[in-house]
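Open the model in your viewer and get ready to select residues as we go. Each stop below says what to pick next and what you will find there.

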Amino acid sequence: MTSYFLPRDLHPAAWWVWALGLAVAATRTTNPWLLLTIVAVAGYVVVARRSEAPWALAFRLYLYLGAFIVAIRVFFRVVFGGGEGATIILRLPEIPLPEWAAGIRLFGDVSAESLLGGLYDGMRLATMVICLGAANALANPKRLLKAMPPALYEVGTAVIVALSVFPQLAESVLRVRRARRLRGGSGKRKVKALHTILIPVLEDALSRSLQLAASMDSRGYGRAGTVEARARLITGTLMIIGLLGVCVGVYATLDGSTPRYLAAPVLSAGVVIGLAGFRSAGKRVRRTRYRPDRWQPPEIVVALSGIAVAAVLFTTSEVNPMNMNPSLIGLSWPSLSWVPLLGVLIGVLPAFLTPAPEPPYAALEEEVHA
C-alpha cells in the first residue's frame with residue numbers, strides 16, 4: 001500500500017478517459033449548478049495533481065476560453081434576436097433585413113428566457129472545453145504519443161501537436177515575461193506592453209513549430225515507404241466503411257425514430273470492420289517501445305471515476321430530465337438533487353486516491369545527497 005502513493009506521473013490515457021467522462025457528463029445537462037460543480041471538480045484535480053511541466057500551465061488559458069465562450073453565446077442572443085419569452089428585460093431597436101434573410105433578427109426585444117438559454121448553452125460548451133483543458137494540463141503529450149497504437153501513430157502525432165499549442169503558448173508567455181522582468185521592463189502598463197509580449201511569443205511559437213516540422217520530416221513522418229497500392233486501398237476501404245458504420249450506428253442509437261436494425265447491429269459491424277482496418281494499417285508501421293507505459297491501480301481509479309461520472313449523469317438524465325435541463329418557460333432557480341451532485345463529486349477522487357506527481361529534478365537531488 002505504501003508503494004501505491006509513491007510520487008510518479010500517471011499514464012496520460014487515464015487522465016484523458018477521466019476528462020472525457022466529465023465532458024460527456026456535461027453534455028447531458030444544462031443545469032448551471034451541475035456544470036459549475038464539474039468545472040470545480042476538474043479545477044481541483046488539476047491543482048492537486050498537475051506537475052511542474054510546461055503543459056500544466058495551460059489550464060488557466062482554458063478557463064479564459066470558457067468565459068469567452070459564455071460571453072459570446074449570451075452576446076449572440078442579444079444581437080440575433082432574443083425575444084423568445086414573456087419576460088422582456090431589454091428593448092433595442094430592431095434592424096430590418098431583406099426577405100431572403102427571413103427568420104433572422106438583428107437586435108429587437110431581449111427576454112430573460114432567451115438570455116438564460118444562451119447562458120446555459122454557453123456554460124455547457126465551456127465546461128466541455130475546460131474538461132479537455134484539464135486533460136491537457138495533466139497528461140504528458142509525449143507519453144501519450146508513445147502509447148498510441150501503430151495505426152494511429154501519424155494521426156496521433158498531428159492531434160497531439162495541435163493539443164499542445166496552448167501549453168507551448170503558456171510556456172512562451174512565461175519565458176517572455178521573465179525576460180522582460182530581467183530587463184527592467186515590467187513597469188509598463190499592460191496595454192502598452194502588449195506588443196512587447198505578443199510579438200516575441202508568436203515568433204517563439206513559430207520557431208518551435210518549424211523545428212518540430214523539420215524533426216518530424218527527418219524521421220520520415222508521412223512517407224508511404226514500400227507499401228503496395230493494393231494494401232493501402234484495402235486498408236483505406238476498411239477504415240472508411242467502419243467509420244461510416246459507426247456514425248450510422250451511433251446516430252440510430254441516439255435517435256429513437258430510426259429502425260432498430262440500424263442501431264446496435266450496424267454499430268457493432270462498423271466497430272469490427274474499423275478494427276480490422278486499424279490492424280491492417282498497424283502492420284505497415286514498424287516502431288519499437290522502450291519501457292512501455294503500463295496501467296497500474298491508480299490509473300484504473302482515475303479512469304473509472306470519469307466513467308462513473310458519465311454513467312451517473314447519463315442515467316439521471318433519462319430518469320429525471322427536467323432536473324438535468326431546467327425549463328425556461330417559468331423563471332425560477334434551477335433545482336439540484338443529490339444523485340447527480342454526488343455522481344459529479346465522484347470525479348474528485350483522483351485528487352485523493354492517486355499518487356502525487358513526481359517532483360522536478362528528483363533524480364538530480366538523489367544524486368546530490370548520495
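Before the first stop, one definition: a residue counts as buried when its relative accessible area is under 20%, as exposed when that area is over 50%, and as partly exposed in between. Keep in mind, too, that this is a predicted model.

**Stop 1**

Select R124, which at 24% relative accessibility is partly exposed. Its side chain meets that of D121 in a salt bridge, with 3.4 Å from N to O. R124 and D121 are three residues apart in helix α4, so about one helical turn separates them. Salt bridges with shared partners join R73, R77, D121 and R124 into one network.

The side chains of R77 and D121 form a salt bridge at 3.3 Å, N to O. This pair links distant parts of the chain, because R77 sits in helix α3 and D121 in helix α4, 44 residues apart. Is either partner hidden or open to the surface, and what are the values? R77 is partly exposed at 26% relative accessible area, and D121 is partly exposed at 21%.

While you are here, colour the whole of α4, residues 112–138. Its 27 residues should span 39 Å at 1.5 Å a residue, and the end C-alpha atoms are 38 Å apart, which agrees. The helix is mostly covered, with 20 of its 27 residues buried.

**Stop 2: a nonpolar patch**

Go back to helix α3 (residues 59–79) and pick F76. F76 is partly exposed, with 41% relative accessibility, and F75 is partly exposed as well, at 49%. Show the surface of F75, F76, F80, I95, L97 and I104: together they form a nonpolar patch with about 560 Å² of accessible area.

**Stop 3: an aromatic pair across the sequence**

The structure holds four aromatic pairs. One of them joins W33 and W333: the ring centres are 6.2 Å apart and the planes lie at 20°, so the pair is stacked. W33 belongs to helix α2 (residues 32–49) and W333 to the loop between α12 (321–324) and α13 (338–345), so the pair ties together parts 300 residues apart in sequence. W33 is partly exposed at 35% relative accessibility, while W333 is exposed at 72%.

For another pair, look again at F75 and F76: their ring centres are 6.4 Å apart with the planes at 45°, so this pair is tilted.

**Stop 4: a buried glutamate**

Of the four salt bridges in the structure, one is formed by E299 and R8, whose closest N and O atoms are 2.9 Å apart. E299 lies in helix α11 (residues 297–319) and R8 in the segment before α1 (12–27), so the bridge ties together parts 291 residues apart in sequence. Is E299 buried or exposed? E299 is buried, at 1% relative accessible area.

**Stop 5: annotated spans**

An unreviewed UniProt entry annotates several stretches as "transmembrane region", including residues 299–316 and 336–353. Select 299–316: the chain there is 100% helix and 0% strand, with its end C-alpha atoms 26 Å apart. Then take 336–353, which is 67% helix and 0% strand, with end C-alpha atoms 27 Å apart.

**Last stop: R232**

Finish in helix α9 (residues 229–254), where R232 lies. R232 is partly exposed, at 37% relative accessible area.

Terms used
Residues numbered from 1 in each chain as written. Predicted model: local features only at pLDDT ≥ 70, side-chain atom pairs only at ≥ 80, totals over all residues. Heavy atoms only, no water. Phe/Tyr/Trp six-rings, centres within 6.5 Å; stacked < 30°, edge-to-face > 60°. Helix = DSSP H or I, 4+ residues; strand = E, 2+ residues; numbered from the N terminus. Buried < 20%, exposed > 50% of the residue type's maximum accessible area, 1.4 Å probe, protein only. UniProt positions renumbered as here; feature names shortened; annotations may be inferred. Patch = residues over 30% accessible without salt bridge, like charges linked within 9 Å, V, L, I, M, F, W, Y side chains within 5 Å. Areas by Shrake-Rupley, 256 points an atom, 1.4 Å probe, with all protein chains shown as cover. Expected span 1.5 Å × (residues − 1).
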